[in-house]
Amino acid sequence: MGNADTKLNFRKAVVQLTSKNQPIDASDDNFWDQFWSESVTNVQDVFALVPGAEIRALREESPNNLATLVYKAVEKMVKIVDNSCRTQREQHTALNCARLLTRVLPYMLEEQEWHSFFWSSLPAAAENESVPLAQSLINAICDLLFCPDFTVTSTKRSGPERAEELSSLDSCEYIWAGGVGFARSPASSAQHEAARTELLRLLLTCCSETVYRPPQQAATHHNKWIAYLTSSENRHALPLFTSLLNTVCSYDPVGLGVPYNHLLFADTLEPLVEVALQVLIVTLDHDTSNAVNEESDESLPDNLFINYLSRIHRDEDFGLVLRGVTRLLNNPLQQTYLPNSSKKVALHQELLVLFWKMCDYNKKFMYYVLKSSDVLEVLVPILYHLNDSRADQSRVGLMHIGVFILLLLSGERNFGVRLNKPYTATVPMDIPVFTGTHADLLVVVFHKIVTTGHQRLQPLFDCLLTILVNVSPYLKTLSMVASTKLLHLLEAFSTPWFLFSQPQNHHLVFFLLEMFNNMIQYQFDGNSNLVYTIIRKRGVFHNLANLPHEHASIARSLAAAERARDLSALPRSRSAESVVEAAMEGSRPAQPAEPGTLNPTLPDTPAIATMTERESAHPPAREQLLPRRAGDGEEGAEPEGAERERDGEGRSVAHRDSLRVSEKSEEERAECGWKASSEWVASWRGRLPLQTIMRLLQVLVPQVEKICIDKGLTDESEILRFLQHGTLVGLLPVPHPILIRKYQPNAGTAAWFRTYMWGVIYIRNVDPPIWYDTDVKLFEIQRV
């Protein structure tokens, strides 16, 4: 009953504040102290007792009182820090101030004119030390995050009178977890973890000014909160960065592995790891190197978090980070004999953003990841999530980040080489059963995404095929299942109506042909399955070579498709439909989103030509071959239409058009005025790189037919044996230089990541719902 009374007192104070139109005196401490007294004990109470509508009304009708409330809360936290937060009462008051500010700040940040309020100084401050309110708040939070007996375990003798002065404390001695740059593993306490979680939640809220900017502004917007937090003015920058990184990377949700222990004991560490990870990726997003403040034209201070991340260089530190990330990425995939007996964490989206940032800012880390088969510990969970999310509209963002990471890794030779490691199925996925390598897994999952994913994934097709082209020169043996899938993709993409229905669809055929050429020229010996499948499906290549390009034929193809009225779906080949494939045991089919699922919108997928740059995979001596890859229809011709087709202004077509393969409706296409013409088809048909494959068919088809007739063979194993021992040395055209399309940082991808990251953080913070029902502008929240 007592608890209900105290809540009632708190609620009365809120009503008093919101109902008064007259400014309340800032020196009336009896009134203001009601808001952080012991009457509330958790953040959920604060959110329930301070409704959003009342905060808005206060902001509109009594802005002075709202301003005083925030001033007083920050001032209270500063005073507690000055007093070194020695007593339990002070600790409780500090947490209540943090809870109240977490509730109120989003409603102030959503209004543009309140932004400058935080960067004005406290009225109580003396003239000589006028510190902006935002800086006072961040300093207080950071001081409290390293406060002995409150958020960290004291290393000195205990007792309030012996407590250390917070202002002179060396926080590097109090880093929260062992790992990078800190060997000791400090004792943990549930109480300390819970206090850190609440303070970090407030820090995350302070940094969320970005979500109240429209996408075009967010790219150039200078977030002062993050800039100050990560600058040298924050004396806790290094220990805070190290604490966040080590808290995430040392977390083991399974622990000792006692079955069902997560149901018996509350885990105070998981909420801390979640918010630490979110604060970490948000601060790493704000790259201020060479940036200029739009208001004062001064160059901005460097982001020390990015600086520290880029300077990690010891192998043991890389190993620690990689093990931490892969442990948490693989956690939801682990199978146990007892159902639900081990704890599962859902941090994969934030972890993938962190992994991307690590590879982006620290190239040595990426090379370390690719140096051993450890990269496969990242690949398998990504492929699992890609496969599992392909039918779910609310997980389009997860699909994109998985593909972007694979695109980044595929630009490195080592990634292709690592894919040759045999794959043993440990995770049930609803894909066909196969025996083979990680390369087979990659192909089979990509085929699933293309043929059974939903419409909004079509802009990713170019990325998926670019990844396959990048790794293709290094794939030693593809299984029969994967070979068949690749030929099915070519069969689907080379149907005349599909090629003629959108201006970029032919790029997909160029990518697949380039992939086959790479494997035939560089890995012929081990790829008898692929060669056999090409021979079996030779009609697809002959049809491509004789693709009709007269006006009448184009019109006929499109009319036939129009009658089927399914212009957006991919053509399904008859051969693929006739085979009913058994999925892995224990797998479940990919499910669409539950109706009503909240889904933040995302910017358009950047075009592949803006995301990648073409490089030779050969030593510089060979590079003189590259620029002149003549467009004479020979195998050496440029493999991708995007690089050669230019519009009137000299931009490549792939730069100009977004890569939506066939999402547009008939009306939209009519509006664009684009229609396939015989000249357009002729412009790229002659450049299809078919020469190597045609030569292979010319040599091998008669030999295979002769064996079949001579030996009366109907069994493919004999033919495969013949192909395994065959050779095409001297019979094929001169091998072309290997071209790799390497990911290049670009504004489009940076904007995409920012929006995706904040969308994930918005959706994941539901208890309490920090930004829910505020006027977010960076994205829209839709219901599926």
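Which residue's side chain meets that of R395 in a salt bridge? The side chain of D388 meets that of R395 in a salt bridge, at 3.3 Å from N to O. A salt bridge here is a side-chain nitrogen of Lys or Arg within 4 Å of a carboxyl oxygen of Asp or Glu.

## Basis of the model

This is a predicted model, in which local features need pLDDT of at least 70 and side-chain atom pairs count only at pLDDT 80 or more, while totals for chains, interfaces and linings use all residues. Residues are numbered from 1 along each chain as its sequence is written, and side-chain values use heavy atoms, with hydrogens and water left out.

## Overall make-up

The chain has 37 helices and six strands. Both are DSSP runs numbered from the N terminus: helices are H or I with at least four residues, strands are E with at least two. Of the 784 residues in the chain, 56% are buried. Buried means under 20% relative accessible area, exposed over 50%, and partly exposed in between, with a 1.4 Å probe and protein chains only.

Among contacts with a separation of 6 or more, 80% are between residues 24 or more positions apart. Contact means heavy atoms within 4.5 Å.

In soluble globular proteins, nonpolar side chains tend to be buried together. The largest nonpolar core in this model has 238 residues, and F35, M77 and F118 have the most contacts inside it. Helix α6 (residues 88-109) gives the most to this core, with 11 residues. A nonpolar core is a set of buried Ala, Val, Leu, Ile, Met, Phe, Trp, Tyr and Cys residues joined through side-chain atoms within 4.5 Å.

Apart from its neighbours within four places in sequence, F118 is in contact with V70, L105, M108, L109, P132, L133, A134 and W225.

Side chains of opposite charge can pair when their charged atoms come close. The structure holds 28 salt bridges. Elsewhere, salt bridges that share partners join R56, R59, E60, E110 and E111 into one network.

R99 forms a salt bridge with E198, and the closest N and O atoms are 2.7 Å apart. This pair links distant parts of the chain, with R99 in helix α6 and E198 in helix α8 (residues 190-206), 99 residues apart. R99 is buried at 5% relative accessible area, and E198 is buried at 14%. Another salt bridge joins E75 and K72, whose closest N and O atoms are 3.3 Å apart. These two residues are separated by about one helical turn because they lie three residues apart in helix α5 (residues 63-82). E75 counts as buried at 19% relative accessibility, and K72 is buried at 11%.

## Cysteines

The count of disulfides is zero, where a disulfide is a pair of cysteine sulfur atoms within 2.5 Å. C249 is buried, with 3% relative accessibility, and C463 is buried, with a relative accessible area of 2%.

Helix α26 (residues 528-536) is largely enclosed by the rest of the structure, because eight of its nine residues are buried. The buried residues are S528, N529, L530, V531, Y532, T533, I534 and I535. They pack against α23 (480-493), α25 (505-522), α27 (538-545), α35 (691-711) and α36 (716-725).

Helix α28 (residues 551-564) contains A560, which is partly exposed at 38% relative accessibility. A560 and W497 are 63 residues apart in sequence, and their C-alpha atoms are 8.0 Å apart in space.

## Cavities

There are four cavities of 30 Å³ or more. On a 1 Å grid over the protein atoms alone, a cavity is a set of points where a 1.4 Å probe fits but cannot get out, and lining residues have an atom within 4 Å of a point. Grid points are joined across faces, edges and corners, and a volume is the space filled by probe spheres set on the points.

The largest cavity has a volume of about 90 Å³. V14, L17, T18, F35, V50, E54, I55, L58, L66, L69, L100 and V104 line this cavity. Helices α1 (2-19), α4 (52-61), α5 and α6 each supply at least two residues of the lining.

Note on methods. On a 1 Å grid over the protein atoms alone, a cavity is a set of points where a 1.4 Å probe fits but cannot get out, and a pocket is an open set with protein on both sides within 12 Å along at least five of seven lines; lining residues have an atom within 4 Å of a point.
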